[in-house]
Amino acid sequence: MIVEIGHYALVLACALALVQAVAPIWGATRGDSALMAVARPLALTQFLFVAIAYAALTHAHLVSDFSVANVVENSHSAKPLIYKISGVWGNHEGSMLLWVLILSMCGAAVAALAARMPRDLYANALGVQGMIGAAFYLFILATSNPFARLANPPMEGADLNPILQDPGLAIHPPLLYLGYVGFSISFSFAAAALISGRIDANWARIVRPWTLAAWIFLTLGIAMGSYWAYYTLGWGGFWFWDPVENASLMPWLAGTALIHCASVMEKRDALKIWTIFLSILAFSLSLLGTFLVRSGVLTSVHAFASDPTRGVFILGILALAIGSALALFAWRASSLQGGGIFAPISREGALVLNNLLLTAACATVLVGTLYPLALEALTGEKISVGAPFFNLMMAPIAIPLFIAIPFGQQLAWKRGDLLAAAQRLLVAAIAALVAALIFFALHGGPAVPVALSALAIFVVVGAFADVAHRIAPRGFSSPNKWARAKGLPLSAWGTAIAHAGFGVSLLGIAATGWGVEKITTVKMGDVVTLGPYVVLVQDFSARNGPNYNETFARMQVRSAGAPVAEIEPSKRFYPARRMPRTEAGIATLGLGQVYVSLGEQGKDGGLDARFYWKPLVTLIWIGALIMAFGGLASVADRRLRIGVARRARNAPQGVPAE
Amino acid sequence: MLWLAFGLLTLIAVAAVLAPLARQPAAAPDTTQDAKAFYDKQIAEIDRDATAGLLSQADVEGAKAEAARRLLAAGRIAVPQARAASRVPLIVAALFVPLAAAGLYARYGNPKLPDEPLAARIGEKPADVEDAVVRVEKHLAQNPQDGRGWAVLAPVYMRLERYPDAVRAFGQSLRLNGESAPRYADYAEALIYASNGLVTADARKNFDRALALDAKNAKARYYLGLAAEQDGDKAKAKELWGRLADEAPGTPFAQNMRERIAALDGKKPDAAAIAGMNATDRQAAIRTMVAGLDQRLHQQGGSPEEWTRLIRAYSVLQEKDKARAALADARKALGESAKAPLDAIAQELGIEG
């Protein structure tokens with residue numbers, strides 16, 4: 001009964017979404033207050049119903065109700081509790097249900113906060129949310145129903161893919177979905193602004209926290225996925241330019257540009273067209289990611305569903321959403337009046353450059369991801385576009401971006417002074433130079449990692465130059481710096497922290513150039529030298545886990561003769577699905593890691609293994625955490641913002657309000 | 001009870017649609033008001049910053065002028081004339097919601113199927129094999145050192161074609177109950193099934209161990225013969241099987257061994273034998289095979305591939321009715337999970353289920 005109640009609740013949510021797709025927008029164009037107001041109860045009730053449906057499915061997984069096909073295909077009565085819960089979204093149908101759960105949650109949150117918004121704005125935005133919702137409910141019911149039943153339930157299920165039986169899976173998809181779906185809110189608001197033809201600073205103020213929150217979740221989700229791939233796939237890499245990874249990177253790039261643009265719009269009433277365009281782009285790319293992963297176009301760990309009808313359905317949603325949004329955009333964009341005028345050298349100008357670079361990066365990833373697919377579809381030729389392409393194409397975009405970040409932060413609104421900005425970055429430049437010398441002394445080259453790490457230090461120190469200047473402006477001795485620091489808006493701190501996080505990640509990436517990699521066959525008692533460490537292979541052994549058996553090696557990491565860590569890399573085999581999985585042995589030493597991954601065992605008892613010493617590698621993910629934290633500080637700032645155009649140099653104490 | 005819950009949910013949905021009508025019609029939206037309120041907040045914010053010493057006097061004026069410019073700009077954009085709330089569209093929507101929900105649920109729902117939580121099913125239903133297996137598995141999860149339990153479970157796994165599980169169970173039985181020729185041979189046999197009939201090196205090693213304990217063990221000798229055949233060593237296979245046949249003259253087993261030896265000599269195996277028959281005999285032989293498959297699928301169930309094979313076979317035999325009936329039975333037995341392959345074959349053969 002519980003299963004069917006969940007199913008019916010989902011169906012009702014679909015019916016409500018259909019009403020929500022029509023009534024509020026109609027009401028807003030007619031000026032009918034009741035039709036607009038209905039958006040709120042509809043969105044709230046819809047969330048209630050989807051939550052019921054989701055709870056019902058979770059219940060079925062928890063009690064191993066094998067009359068539900070989804071449970072049979074993805075669960076097992078002996079599976080640990082946490083994987084019974086995370087297994088609900090560890091498969092196609094369940095993850096789509098999680099998707100609409102988050103979508104309806106966002107809709108309900110907009111409805112709950114609607115009292116503070118202009119009525120036609122929330123009516124139109126929730127109307128667009130209703131359309132997206134209706135499309136996905138119909139998709140779920142027609143092609144991927146998690147409540148499909150079996151009349152003759154079997155006694156046992158097929159278990160979850162072992163690669164997905166990992167704590168990483170419990171966190172990675174929900175974070176990613178919060179990011180993807182969060183962008184649907186800015187998309188809906190952008191469409192609403194286009195429908196009503198009104199877009200102003202108030203709009204930007206309303207949309208800002210949504211966009212930032214989505215960006216934070218997406219940042220964390222991508223970092224989480226990257227670390228998960230790092231420790232389970234056994235190749236020691238943190239980013240593979242895999243199409244599925246790219247699918248999450250593209251909305252992130254567009255979203256990063258969007259949060260910057262939205263802040264310009266809020267403070268300066270400028271870059272409206274950019275903001276609207278990026279809102280549409282960020283969500284369209286999220287949908288594209290969904291299409292790539294769900295349609296079976298790609299085969300990978302993520303592509304648990306390969307069913308052409310699903311692909312066609314999502315392609316339909318994609319075409320409709322992007323097509324109608326862009327049509328609206330083409331129709332209305334010319335009527336969006338830009339407010340603030342600005343000189344090319346100004347904060348606004350810097351952010352236009354930022355937009356250009358980020359969208360170029362986005363386009364590069366898009367081409368690199370879709371070109372092989374298109375080529376295969378048209379000519380049947382299979383090519384793979386991998387790291388060499390992306391590294392070659394992204395470097396000329398990323399490096400100017402990193403150099404420009406601190407400069408952009410120093411420029412004033414409306415018209416800036418590049419020379420003054422450069423002067424204020426002198427400290428950062430000196431820090432970078434010193435860092436370059438230190439890194440060179442430590443590692444003795446090569447040139448690329450030294451240069452990149454110097455750039456990273458420049459970004460980190462430069463990120464705080466603006467804050468430092470505001471606390472203690474030059475030629476103006478402030479007695480109470482602490483009070484000024486506290487008085488600074490949180491968003492200023494957020495900007496500095498997030499940019500510094502970006503630099504920290506870059507430092508981690510730069511340091512890969514100093515890594516040591518050894519692929520070798522080892523026997524018991526062998527010693528492998530890895531940079532500053534020595535790994536002693538103590539013994540090989542085998543043991544049985546709850547649902548796998550594994551071969552593992554005990555290894556000791558030593559530094560200057562003294563043991564500093566023990567690691568146990570292993571190779572697991574899951575008989576139920578007859579699948580292997582490697583578990584890398586990782587020892588975190590300082591900010592770097594010793595990473596060992598096992599390969600095949602040879603006839604003579606030797607074991608193939610990859611040994612890595614990765615200095616500063618953890619900074620890659622720590623940087624992402626710092627970025628997310630900066631975003632959080634910025635979300636917490638609920639002040640109204642007006643960017644004040646500073647008159648050149650005549651007001652030394654003039655600190656721009658945020 | 002179920003319908004009561006459905007009714008309650010529907011009521012909530014309809015109430016949500018009608019909610020705006022219950023309230024007093026609020027004032028019509030006024031965007032000028034919104035913009036003015038926003039402007040007031042901005043001015044207050046600027047004043048606060050000025051008091052805190054974060055803004056210079058010149059900047060305060062600049063910021064206020066900027067805010068004022070925006071307020072003026074907001075006033076220039078036309079908004080639709082406000083109207084009174086209309087009831088009809090919402091009442092229509094309130095009727096639409098239950099109808100749409102009922103329509104969708106009628107298409108996709110299964111109101112007659114109850115929940116089947118595993119805990120409730122174990123013990124309630126008449127004990128069938130799978131039920132018993134689950135119970136023994138649960139027992140062994142608690143008492144993994146129970147050698148007798150593994151020994152009971154292992155052959156059942158073989159019968160259920162769960163070969164990797166069988167390997168594990170025979171392995172545990174061997175470990176806990178001690179070495180013996182039959183245990184080694186059973187374990188090795190499971191290994192062969194688990195690797196799709198290939199006599200692996202591991203399996204051979206275990207047969208050798210069985211023979212070391214009991215040189216007469218028939219299973220080990222038979223499979224070592226199979227291993228020889230797979231190696232292409234026909235002479236050795238013939239010798240091993242020949243001796244097995246000689247030891248039990250007149251039994252079906254001996255008969256079987258003779259046939260295997262004959263097959264080694266190039267006599268035709270089954271499929272080729274059928275191809276060599278005359279038309280009538282061939283039809284009869286095929287029909288017998290199809291009937292066997294039909295019986296097995298109805299009694300023990302099967303995979304979607306097996307069901308499609310059956311449906312296709314009936315279609316080839318020009319027995320449309322039986323094909324149709326098999327399709328219907330397959331849908332019933334496999335449920336929603338096998339909808340796609342069944343739809344595909346129904347369409348391909350032009351039969352409707």
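What percentage of the 353 residues in chain B is buried? Buried residues account for 26% of the 353 residues of chain B, a residue being buried if 20 or more other C-beta atoms lie within 10 Å of its own, exposed if 12 or fewer do, and partly exposed in between, with C-beta atoms placed from the backbone. The structure is a predicted model, in which local features need pLDDT of at least 70, side-chain atom pairs count only at pLDDT 80 or more, and totals for chains, interfaces and linings use all residues. Residues are numbered from 1 along each chain as its sequence is written, while chains are lettered from A and ligands numbered from 1 in the order in which they are written.

The model scores ipTM 0.80 and pTM 0.74. For chain B the mean pLDDT, the predictor's confidence in each residue on a scale from 0 to 100, is 79, and 83% of the residues reach 70 or more. Where pLDDT is low, the predicted coordinates should not be read in detail.

The secondary structure of chain B consists of 18 helices and zero strands; helices (H or I, at least four residues) and strands (E, at least two) are DSSP runs numbered from the N terminus. Chain B is divided into domain 1 (129-269) and domain 2 (272-349), with bounds that come from an automatic or database domain assignment. The centres of these two domains of chain B, taken over C-alpha atoms, are separated by 31 Å. Of the contacts in chain B between residues at least 6 apart in sequence, 46% join residues at least 24 apart, two residues being in contact if their C-beta atoms, placed from the backbone, lie within 7 Å.

In chain A, the domain assignment gives domain 1 (1-165) and domain 2 (516-614). The distance between the centres of domain 1 and domain 2 of chain A, taken over C-alpha atoms, is 43 Å. Four residues from domain 1 of chain A and six residues from domain 2 of chain A take part in the contact. On the side of domain 1 of chain A that touches domain 2 of chain A, there are two nonpolar residues, one polar and one charged. In this classification Ala, Val, Leu, Ile, Met, Phe, Trp, Tyr, Cys and Pro count as nonpolar, Asp, Glu, Lys and Arg as charged, and the others, Gly among them, as polar.

Chain A contains an open sheet of four strands in the order 1-10-9-8, with antiparallel pairing. Its edges are formed by strand 1 (516-522) and strand 8 (585-589) of chain A, each of which pairs on one side only. From one strand to the next, the twist averages 15 degrees, where axes are lines fitted to C-alpha atoms, for helices over the stretch in contact, and angles run from 0 to 180 degrees between N-to-C directions. Strands of a sheet pair through backbone hydrogen bonds, either parallel or antiparallel; here two strands are taken to pair if DSSP finds at least two bridges between them.

Strand 10 (residues 607-614) of chain A runs antiparallel to strand 1 of chain A, to which seven bridges join it. Within this pairing, Glu517(A) stands opposite Tyr612(A), and Lys518(A) has Phe611(A) as its bridge partner. Strand 10 of chain A also pairs in the antiparallel sense with strand 9 (residues 592-601) of chain A, over seven bridges, and Tyr612(A) is the bridge partner of Tyr595(A). Five residues lie between the strands in the hairpin of strands 9 and 10 of chain A, where Gly605(A) takes a positive phi near 90 degrees. Strand 10 of chain A is largely enclosed by the rest of the structure, because six of its eight residues are buried.

Further antiparallel pairing involves strand 6 (residues 570-574) of chain A, joined by four bridges to strand 4 (residues 549-559) of chain A. Thr551(A) stands opposite Lys571(A) in strand 6 of chain A. Five bridges connect strand 6 of chain A with strand 7 (residues 579-583) of chain A, again antiparallel, and Ser570(A) has Glu583(A) as its bridge partner in strand 7 of chain A.

Two loop residues of chain A were also examined. Ser64(A), in the loop between helix 3 (39-62) and helix 4 (69-74) of chain A, has a positive phi of about 50 degrees although it is not a glycine. Ser64(A) is buried, with 24 other C-beta atoms within 10 Å. Trp241(A), not a glycine, likewise has a positive phi of about 50 degrees and lies in the loop between helix 9 (201-232) and helix 10 (243-268) of chain A. Trp241(A) counts as buried because 20 C-beta neighbours lie inside 10 Å.
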